[in-house]
Amino acid sequence: MTTEHHQPAIDGLRALAITVVVLYHVGIEPLSGGSIGFATAFVVSGYLLTSRLADRLDLDRSVLWGQYLVRRVERILPALVVSVLVATVVVRWALAPEAREGAADGFRAGLLLFGNWHLIAESTGPIGAGVPAGAAQHLWAVAVLAQFTLLWPLVLTGLYRSGRRLPWSTAVTVRIGVLILALASAGASLWLAGDHEARALYGTDTRAHQFLFGAMLAVVPHQVQRFLRHQRLVAGGLGLLAVVALGVLASDLVAIGPVQRGMAAALATLVVVAAIEVVLAMVVICMPPGPSAGHGGVRWLGATALAWGCDMTRS
């Protein structure tokens, strides 16, 4: 159900999203909606993670959860520990003694990959009104990412095993299951946005729809590519509109709540990732193997242009 090729361009999209988040936290005024970078990063993470897992499960091979867990911890924990240590030094130097205790609680929760739930517990209302802007607040995103990536292999494996016992195909079961989970998470997020905005923003269950949007694309890539290849102008137009939409959502040009902004950004990111996959699939078809097919930002841009040119010559 998934593509076999890892696309650096999609990793680049995630890196760009994280950069937008950093600039937003620095306080750059035009990026007042820069928190959408979290949504974009989560969609990309869900897509890449599900693609890798489904590659194994499609071959009727189980996910070695122990090895997977070790790899996840090796990726997350070192950077997390360094981040907390640096922040701890800064806190001890910059904050008053009475403020250090609250920061220490946040750091402990962050190291336990529980920072998002600690932040929810400490909040008293909508973000901006009751959520404390503490030194450890940024650790909520690491916690959400870690919790999803640790649990999702078990859920996805369960969907595959259920599908093999049902009269219809495993693929249909997996797609329907992912769709139901995504809609349930999105619905819960919107329902809680009014009176419990912090819960909607930081809960793993209410953020899961952003990962699951990416997961949905990962389990239907061939169908999406087949449609968009026959609708070249539609693919190009949708991709361009989605990029513009992300730029508008990251700015102060639209006045909507953070939950709705994040959801809109996740949907726009889904379109961008689909467009990238379609364009780069055309690159594989059009370009002969060799050094010119290597990775890198300049080569990717050139390959994109070449792919569209190659495709247009076939019309």
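Me: What does His-209 touch, not counting residues up to four places away in sequence?

Reply: Ala-182, Ser-185, Ala-186, Ser-189 and Met-263. A contact here means heavy atoms within 4.5 Å. The model is predicted: local features need pLDDT of at least 70, side-chain atom pairs count only at pLDDT 80 or more, and totals for chains, interfaces and linings use all residues. Residues are numbered from 1 along each chain as its sequence is written, and side-chain values use heavy atoms, with hydrogens and water left out.

Me: Why is His-209 called buried?

Reply: Buried means under 20% relative accessible area, exposed means over 50%, and partly exposed is in between (1.4 Å probe, protein chains only). His-209 has 2%, so it is buried. Its place is in helix α9. Helices are DSSP runs of H or I with at least four residues, strands are E runs of at least two, and both are numbered from the N terminus.

Me: Is His-138 buried, exposed or partly exposed, and what shows it?

Reply: Partly exposed: its relative accessible area is 36%. His-138 sits in the loop between α5 (115–122) and α6 (139–165). From His-25 it is 113 residues away in sequence, but 9.4 Å in space, C-alpha to C-alpha.

Me: Why is the Phe-42 and Phe-211 pair called stacked?

Reply: Rings of Phe, Tyr and Trp (its six-membered ring) pair if their centres lie within 6.5 Å; planes under 30 degrees apart count as stacked, over 60 as edge-to-face and the rest as tilted. By this rule the count comes to six aromatic pairs. Phe-42 and Phe-211 have centres 4.5 Å apart and planes at 25°, so they pair and they stack. The pair links distant parts of the chain, with Phe-42 in helix α2 and Phe-211 in helix α9 (residues 204–218), 169 residues apart.

Me: Why do Phe-42 and Phe-211 both count as buried?

Reply: Phe-42 has a relative accessible area of 4%. For Phe-211 the value is 1%. Both fall under the cut-off, so both are buried. They also belong to one aromatic cluster, together with Phe-38, Trp-140, Phe-148, Trp-152 and Tyr-202.

Me: What makes a set of residues a nonpolar core?

Reply: Its members are buried Ala, Val, Leu, Ile, Met, Phe, Trp, Tyr and Cys residues, joined through side-chain atoms within 4.5 Å. The largest such core has 59 residues, of which Trp-140, Trp-152, Leu-156, Val-178 and Leu-212 touch the most other members. Helix α2 (residues 36–58) gives the largest share of this core, twelve residues. Apart from it lies another core, of seven residues, among them Leu-80, Val-84, Ala-87 and Leu-139.

Me: What does Trp-152 touch, not counting residues up to four places away in sequence?

Reply: Leu-49, Thr-50, Leu-53, Val-178, Leu-181, Leu-212 and Ala-215. With Thr-50 there is also a side-chain polar contact of 3.0 Å. Thr-50 is found in helix α2. At 0% relative accessibility, Thr-50 counts as buried.

Me: Why are the buried residues of α5 said to be on the same side?

Reply: They are Gly-115, Asn-116, Leu-119 and Ile-120. The arc is taken from the directions from the helix axis to the C-beta atoms. They cover an arc of only 140°, which puts them on the same side of α5.

Me: How many helices and strands are in the protein?

Reply: There are 13 helices and zero strands. Of the 315 residues, 44% are buried. Among contacts between residues at least 6 apart in sequence, 75% join residues at least 24 apart.

Notes: Polar contact = N/O pair within 3.5 Å; in protein donor to acceptor, adjacent residues only side chain to side chain.
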